[in-house]
Amino acid sequence: MSILVTGATGTVGSLISQRLADAGAEVKALVRQPGKRALPEGVEEVVGDQTDVPSMRAALSSVRTLFLLNAVTPDEVTQALITLNLALEAGIERVVYLSVIHAERFTNVPHFTGKQTVERMIESFGIPATVLRPAYFMQNEHSVQQVIEDYGVYPMPIGSSGVSMIDTRDIADIAVAELLRRDRASVALESLTLDLVGPTAWTGTSAAKVWSAALGREIAYGGDSVAAFEEQMASFGPSWLAYDMGLMMAGIQQYGMQGCDGAVERLESILRRPLRTYEAFVQEATGTV
C-alpha cells in the first residue's frame, strides 16, 4: 500500500514526494501528463486528473494514505471534493489536506472559501485527516525579488497586522511527518488541525527592513495599495487570479496571518528543530548568508 501525493510537481508537492521517498515510503505522484517532469528516484508516476473520475479511481487503488493539495484554479473545489469522495469510496482512512490559515475569516476570497468547504466535508464525514493551514509562503517573495533588488521597493502589500510567513520546506517537513505518522499507524488516527506559521509576524515595513539589511541599502515598503498589486498581477496572469489574490491581500491587511497560541512550539516539536526564519530565507535568496 502506498502514499499518493497530489500536486506532486508543484513547489510543496515535489518536496513532499522527495522526502517521503528518502524516508523509504512507497510513493505515488499524481500527474496529468506522463513524463512531463522528472520525479525523484523511488517515486512512481500515476497519470490522472482530479476531475476525471475513472482515472482517479485507478490512481487511488492500492493507496493507503492520501496527501491532497489543490492548486488555485477555478475548479479547485470540484477537484478536491471528487478526490475526497473517491478516497472514501476506496476505503482510505489516512488523509493529509493542505488548506490555508484563516479560511473562515477570508470569506470573500474564492480560494480560501473553497478550502474551507473542503474542510467542512472532512469534518462532516468524519474523515481521519490532518488539516494543515499554512500562512503566507516565504518563497512567494521569489516572484518579487527582482523588483526589490532593481527598484529598492518591497511591493507585497501585506500591511501592518502581522504575517507569520513560513518556509515551504518547513511545510513539506511537517506534512511528511504527518503522512508517515498516519501511514505507519495500525489504525486510523484522530483528526488534527495545525496552523503552519513561522516564528515571527512581519509587516510590510519590517519585511522591507530585512531586505535592507541583506542587500546593504535601503529598501522601502511600497504601501498598502491592493489595486496596484492586482493590476500588476493581471499584467502577467489571468484576471480572475489577480482579483482573487488582491482580495487575499486586503484580508491580510485586515486580519493578518498568525497562528493560534502555542502553534510555533507545536510545530517545532513535530520538526524537532526550530522553524526557519524569514531573515535566513532572505539571506539565502540574496546570497548574503
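1. Ground rules. This is a predicted model, where local features need pLDDT of at least 70 and side-chain atom pairs count only at pLDDT 80 or more, while totals for chains, interfaces and linings use all residues. Residues are numbered from 1 along each chain as its sequence is written, and side-chain values use heavy atoms, with hydrogens and water left out.

2. The sheet. Start with the open sheet of 7 strands, which pair in parallel in the order β3-β2-β1-β4-β5-β6-β8. (Strands are DSSP runs of E, at least two residues, and helices are runs of H or I, at least four, numbered from the N terminus; two strands pair if DSSP finds at least two bridges between them.) β3 (43-47) and β8 are the edge strands, each with a single partner, so one side of each has no neighbour in the sheet. On average, neighbouring strands are turned by 20° against each other, direction ignored; the axes here are lines fitted to C-alpha atoms, for helices over the stretch in contact, and angles run from 0 to 180 degrees between N-to-C directions.

3. Strand β2. All 5 of the 5 residues of β2 (residues 27-31) are buried, so the strand is largely enclosed by the rest of the structure. (Buried means under 20% relative accessible area, exposed over 50%, partly exposed in between, with a 1.4 Å probe and protein chains only.) Val27, Ala29 and Val31 point one way, Lys28 and Leu30 the other. In a regular strand the side chains alternate between the two faces of the sheet.

4. Two pairings to look at. β1 (residues 2-5) runs parallel to β2, joined by 3 bridges, and isoleucine 3 has valine 27 as its bridge partner. β5 (residues 95-98) and β6 are also parallel, with 4 bridges; there, leucine 98 stands opposite leucine 132.

5. The cores. A nonpolar core is a set of buried Ala, Val, Leu, Ile, Met, Phe, Trp, Tyr and Cys residues joined through side-chain atoms within 4.5 Å. The largest has 69 residues, and Ile16, Leu20, Tyr136, Tyr154, Met165 and Tyr278 have the most contacts inside it. Helix α6 (residues 168-184) supplies the largest share, 7 residues. A second, separate core of 22 residues includes Val63, Leu66, Ile92 and Val118.
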